[in-house]
Amino acid sequence: MLEPLGETADLAEVFLLIGKALANLGNYREAETAFLDAESLFRRTDNTDGRISAANQLARVYFIRSEFKSSLKYLLEAVKLADHLGDRRQLAFLWGN
């Protein structure tokens with residue numbers, strides 16, 4: 001429904017929510033696609049908090065699929081973004097992962 005509005009942070013949030021639902025249902029390939037779409041939209045709308053969330057979810061999916069290099073790549077990307085924002089709470093959460 002939001003797609004006709006163009007590339008918005010709201011559409012990115014929808015992709016993030018869909019990705020979480022798909023991952024929770026065990027549909028990891030579809031979840032990966034939704035999270036990549038969300039990350040891309042968050043990047044284009046300059047939403048760093050959203051990028052952190054999408055990268056963290058991608059790291060989760062790759063970890064579950066035992067793709068540890070990819071998991072680490074996205075987790076470290078999320079850490080770098082949170083560090084750039086100076087978001088200590090988010091950094092603590094990510095380092096816990």
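**Entry 1: α1 and α3**

I looked up how α1 and α3 are arranged, and I found an angle of about 15 degrees with the axes 11 Å apart. The two helices are therefore roughly parallel to each other (angles under 35 degrees count as roughly parallel, over 145 as roughly antiparallel, 65 to 115 as roughly perpendicular and the rest as oblique). I note that axes are lines fitted to C-alpha atoms, for helices over the stretch in contact, and that angles run from 0 to 180 degrees between N-to-C directions. Helices here are DSSP runs of H or I with at least four residues, strands are E runs of at least two, and both are numbered from the N terminus.

The model is predicted: local features need pLDDT of at least 70 and side-chain atom pairs count only at pLDDT 80 or more, while totals for chains, interfaces and linings use all residues. Residues are numbered from 1 along each chain as its sequence is written, and side-chain values use heavy atoms, with hydrogens and water left out.

I recorded the crossing of α1 and α3 as left-handed, a term for a near helix turned anticlockwise from the far one by less than a right angle, with clockwise giving right-handed. On the α1 side the contact (heavy atoms within 4.5 Å) is made by L16, K20, A23 and N24, and on the α3 side by S53, A54, Q57, R60 and V61. By class I listed four nonpolar, three polar and two charged residues in the contact of α1 with α3. Ala, Val, Leu, Ile, Met, Phe, Trp, Tyr, Cys and Pro count as nonpolar, Asp, Glu, Lys and Arg as charged, and the others, Gly among them, as polar.

**Entry 2: Q57**

Not counting residues up to four places away in sequence, Q57 touches L16, K20 and F35.

**Entry 3: α4 and α5**

I turned next to α4 (residues 68-85) and α5 (residues 88-96), which pack at about 165 degrees with axes 9 Å apart. These helices are therefore roughly antiparallel to each other. Their crossing is left-handed. From α4, the residues L75, L76, A78, V79, A82 and D83 meet Q90, L91, L94 and W95 of α5. I counted eight nonpolar residues, one polar and one charged in this contact.

Q90 in α5 has 12% relative accessibility and so counts as buried. Beyond four places in sequence, Q90 touches I52 and A82.

**Entry 4: the core**

Which residues touch the most other members of the largest nonpolar core? Of its 25 residues, I noted L16, A31, F35, F42, I52, Y74 and L94. Such a core is a set of buried Ala, Val, Leu, Ile, Met, Phe, Trp, Tyr and Cys residues joined through side-chain atoms within 4.5 Å. The helices α1 (9-24), α2 (28-44), α3 (48-64), α4 and α5 each supply at least two residues, and α3 gives the most, with seven.

I then followed I52: leaving aside neighbours within four places in sequence, I52 is in contact with A78, L81, A82, L85, Q90 and L94.

**Entry 5: E67**

I found E67 in the loop between α3 and α4. At 26% relative accessibility, E67 counts as partly exposed. Apart from neighbours within four places in sequence, E67 is in contact with R29 and Y62.

Definitions and conventions:
Buried means under 20% relative accessible area, exposed over 50%, partly exposed in between (1.4 Å probe, protein chains only).
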